[in-house]
Amino acid sequence: MEPSARYLYYPGCSLKGTGIAYEESLLTTFRLLEMPVKELPDWNCCGATTYMSVSETSATLLAARNLALARQTGSKDLIAPCNACYLTLRKSQRLVADYPQIAQETERFLEQAGLPRLDSVRVRHPLEVLYNDVGIQRLRELTVRRLQGVRMASYYGCQAVRPYGEVDDPHEPTRMDEILRAVGVEVVGYNLKTKCCGGPLTGTIHDVGVRLNYILLKEAMRLGAQAMVTICPLCQFNLDAYQAEIRKQTGEPIDMPILYLTQVVGWALGGDYRELGLHRAISGRKLLEQWFTVRKEAETYV
Amino acid sequence: MSEKKNGQVRIGVYICHCGANIADTVDVKAVAEYAATLPGVVIARDYKYMCSDPGQELIQQDIEEHQINRVVVAACSPSLHEHTFRGAAERAGLNPFFVQMVNIREHDSWVHTEREAATVKAKDLVRAAVQRVYFHKPLEKRRVPIHPEVLVVGGGIAGIHAALTVANSGKKVYLVEREATIGGHMAQYDKTFPTLDCAACILTPKMSAVKAHPNIVLWTYSEVVSVDGSVGDYKVVVKRKPRYIREDLCVGCLQCIDACVFKEPKFDDEFNLGLSKRKPIYIPFPQATPKVVVIDPEACIQLRTGKCKRSCLEACVERGAIDFEQKETYEEIHVGSIIIATGFKTFDPRRLPQYGYGRYPNVYTTLEVERLVNASGPTSGQVITRDGRVPKSVGIILCVGSRDENTNRWCSRVCCMTSLKLAHLIKEHTGAEVYIFYIDMRAAGKGYEEFYQRVLNEGVHFVRGRVAEITDWALDPSEEGKLVARVEDTNTGFVRRIPLDMVVLAVGLEPQFDAHEVQRMFGISCSLDGFFLEKHPKLAPAPTYTDGIFIAGLCHGPKDIPDTVMQAGYAAAEAIALADTGYFELEPNTAYVVEEECSGCKSCVPLCPYQAITFKEDKQKAFINEVLCKGCGTCVAACPSGSIRQNLFEDEEIFSEIEGVLAYA
């Protein structure tokens with residue numbers, strides 16, 4: 001990546017692991033948009049919500065190190081694609097701004113680490129970058145192929161729009177729908193956009209976690225969606241990975257592709273199957289192949 | 001400072017504690033001690049309540065015993081008590097304009113927390129006033145006559161009651177209403193809480209009394225478009241919109257409506273909030289006053305295209321009341337005082353998308369349900385949802401657009417009781433299970449708590465919690481085809497899902513959409529929430545800061561019908577008192593031209609916003625009409641030769657005041 005990139009990119013742990021398809025599609029999409037992003041050098045764990053619930057101050061320090069590193073590069077926009085990373089970084093900034101005690105502790109810590117003081121780094125989410133910086137009109141113009149007759153449900157998960165509402169409206173988010181429509185996808189009115197996917201519950205209280213995902217998938221099916229579009233690696237994983245188990249438990253024929261927004265947008269902009277990480281999907285593989293590769297006639301070149 | 005100009009100046013300074021309001025933050029004793037050291041000050045005192053009788057007597061005694069001839073009172077805002085202290089001085093034989101007030105409450109103790117700094121500020125302000133009052137001149141108050149006629153703007157229950165009260169005292173009243181009928185929101189209500197009196201039964205007799213009253217001129221479908229003048233002498237222009245019906249000829253037989261070429265009603269009926277349809281020619285509701293039809297120019301084929309067979313004309317051929325050529329007309333009236341009763345609008349629940357209003361057909365507002373349960377409403381009183389079912393379970397959500405940082409912070413006051421009433425009526429009409437979702441139930445009012453208990457005993461379910469969302473997503477078969485309220489029941493600590501056939505949003509009350517234009521036109525103020533501002537929240541809740549203009553009803557803030565009627569009666573009483581006194585005393589703070597200095601450049605003439613300045617050709621000098629001058633000071637500042645002065649704002653008064661406030665103690 002060029003050193004002059006306006007956007008810094010903070011992958012967090014997921015995008016290097018289970019969510020690698022998110023990284024692949026994000027980088028491809030931004031390359032196609034001619035908005036190169038540079039990975040934040042020497043980044044560390046964001047602490048996620050887990051650490052925040054143990055100690056707000058310590059969790060803030062973890063996040064602050066990443067923000068200070070970003071500040072060091074001189075870039076103002078730090079893209080955090082994972083909803084948990086996004087919220088943790090954003091929340092840390094808020095804690096530093098609102099609580100002098102945490103601010104002092106953070107400053108002391110950064111000084112010891114030889115890092116600059118926190119300044120105006122903007123934590124950004126890819127959804128909101130696509131919406132605000134690229135814009136619906138430009139996405140529409142840049143679309144080179146459309147998925148015809150595929151209906152999708154947009155799903156935000158719990159952390160992207162709450163509590164700050166900078167990514168989208170906290171009560172009735174619509175930006176993802178607008179982006180999807182702009183790149184030629186038919187969108188169903190999905191009411192559970194911000195309902196819980198269970199998060200880490202699938203690993204701890206497994207039955208409850210799986211049930212939550214069942215609810216989300218079943219309602220999407222009822223509304224006629226053929227795929228769900230996510231913006232969080234954990235949501236994507238939960239919805240994608242447990243469908244076989246849900247099929248077995250409920251007997252319902254659920255096999256639905258769970259996509260990242262950047263995969264759908266990236267494909268519309270001309271990205272190919274593998275570089276968008278579409279081959280990494282667990283559920284709905286047949287449909288994916290049908291939509292994104294084999295059924296060439298489904299593509300309309302604009 | 002010289003004592004020569006104004007003779008022997010003897011100043012008395014009085015520092016008020018205002019109980020603890022000032023004394024807690026300002027060291028009043030220290031301020032008084034400091035004031036005593038200032039040049040010209042003969043006596044300086046502090047007292048717990050200067051405005052009380054003993055406080056005023058203190059000033060009067062000092063005037064008599066110590067020959068005080070200038071008075072400085074450091075207390076609250078002059079808008080509250082200036083006239084009190086001027087009155088005290090006057091009673092002791094001193095010209096009232098030798099009194100100067102210093103506001104050390106609103107401008108000091110109420111806005112600061114540091115005692116030391118607040119005390120310094122109080123001293124600075126007192127010093128400024130002492131230096132200013134030195135140069136005060138004796139002035140005479142001006143009296144303006146009061147024109148006895150009264151204008152009432154808005155024909156809801158507030159305007160109706162105010163108009164009738166003033167008219168009953170023998171004075172002529174103009175009642176101007178924007179809509180085609182008077183009655184306002186109250187006409188839309190079914191029953192009134194807590195007595196369950198039918199709203200129409202108690203309102204319509206008052207409406208017809210307005211129409212029949214010999215002292216009331218009723219102009220509906222009309223709007224005030226300009227207001228000029230001041231207390232006692234307002235010139236108001238009223239636009240009378242064309243209703244395309246000759247009001248003097250129409251008898252309200254309604255045959256034209258039957259004859260209209262539209263066989264079926266097709267246009268949203270505003271009175272029923274779109275729950276029913278009307279024709280292009282219509283009457284808002286059967287008891288509309290005046291009982292005169294109106295034609296909607298947006299819907300009428302003749303008015304839109306000029307190509308209709310005009311069957312309505314045939315139906316009205318005998319009376320000839322229909323007039324497609326009617327144009328708007330303007331009436332100019334002359335009144336002494338104005339009562340503004342322009343009402344409110346309800347909160348638009350689309351602003352809270354989580355409640356699904358406009359998305360789910362079976363989500364209603366309280367006002368819509370008022371029409372649904374009304375026997376003469378769109379369903380003749382049958383509670384039927386938009387998809388044609390009789391609901392078995394109904395949820396009423398309180399505080400939609402009230403007590404909410406994201407929308408409006410204020411309590412709309414009537415929604416708790418309205419919801420209790422509707423819960424009772426819905427249960428009576430349908431036998432449905434009714435749920436009320438509330439934050440706090442507020443049933444303060446005569447008979448209100450008793451009504452709340454009655455509804456509790458009727459088996460309405462009360463769920464304490466703010467509803468998170470209304471969704472049509474069914475978790476199990478019992479919820480399918482229903483709306484589901486997801487709510488944390490904070491009494492039990494559980495998150496509940498309650499399936500409902502009908503959801504009613506108790507929408508809050510907001511200022512009228514054009515409240516700011518009305519406010520500007522009448523020269524009154526709005527409080528932060530956008531409702532019109534009263535002169536004093538406790539002691540003058542109907543007068544405004546503009547003399548001769550009063551407010552009544554919900555344009556002033558949310559209130560129920562009894563409070564509205566009380567305020568309307570109070571506003572009417574103030575207007576009657578003003579008219580009966582016959583005159584009003586004005587501040588003598590007018591500008592005057594020093595003739596020998598005026599060069600006759602005329603630059604002041606076009607600047608005056610009140611057309612108070614004329615140019616005397618014979619003398620080649622400007623002349624200011626004192627009665628028209630409002631004391632705005634524009635000409636004083638603009639005069640290139642400094643030959644316009646203003647009473648109470650003479651150069652030496654202002655400059656000494658500035659010097660005083662800037663001098664370092």
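Predicted model: local features only at pLDDT ≥ 70, side-chain atom pairs only at ≥ 80, totals over all residues.
1. Between the chains, 5 residues of chain A are in contact with 5 residues of chain B. On the side of chain A that touches chain B, the residues comprise 1 nonpolar, 2 polar and 2 charged.

2. In chain B, an open sheet is formed by 4 strands, which follow the order S2-S1-S3-S4 with parallel pairing. Its edges are strand S2 (41-47) and strand S4 (99-103) of chain B, each of which pairs on one side only, and the twist from one strand to the next averages 15 degrees.

3. Within this sheet, strand S1 (residues 11-16) of chain B pairs with strand S3 (residues 70-75) of chain B in the parallel sense, over 5 bridges; as one example of a residue and its partner in S3(B), Ile15(B) has Ala74(B) as its bridge partner.

4. Two helices of chain B may be considered together with the sheet. Helix H3 (residues 78-91) of chain B packs on the sheet and touches S3 and S4 of chain B, its direction making about 150 degrees with that of S4(B), while helix H5 (residues 115-133) of chain B lies across S1, S2, S3 and S4 of chain B and runs at about 160 degrees to S3(B).

Note on methods: Residues numbered from 1 in each chain as written. Chains lettered and ligands numbered in written order. Contact = placed C-beta atoms within 7 Å. Nonpolar A, V, L, I, M, F, W, Y, C, P; charged D, E, K, R; others polar. Pairing = 2+ DSSP bridges. Axes fitted to C-alpha atoms, helices over the stretch in contact; angles between N-to-C directions.
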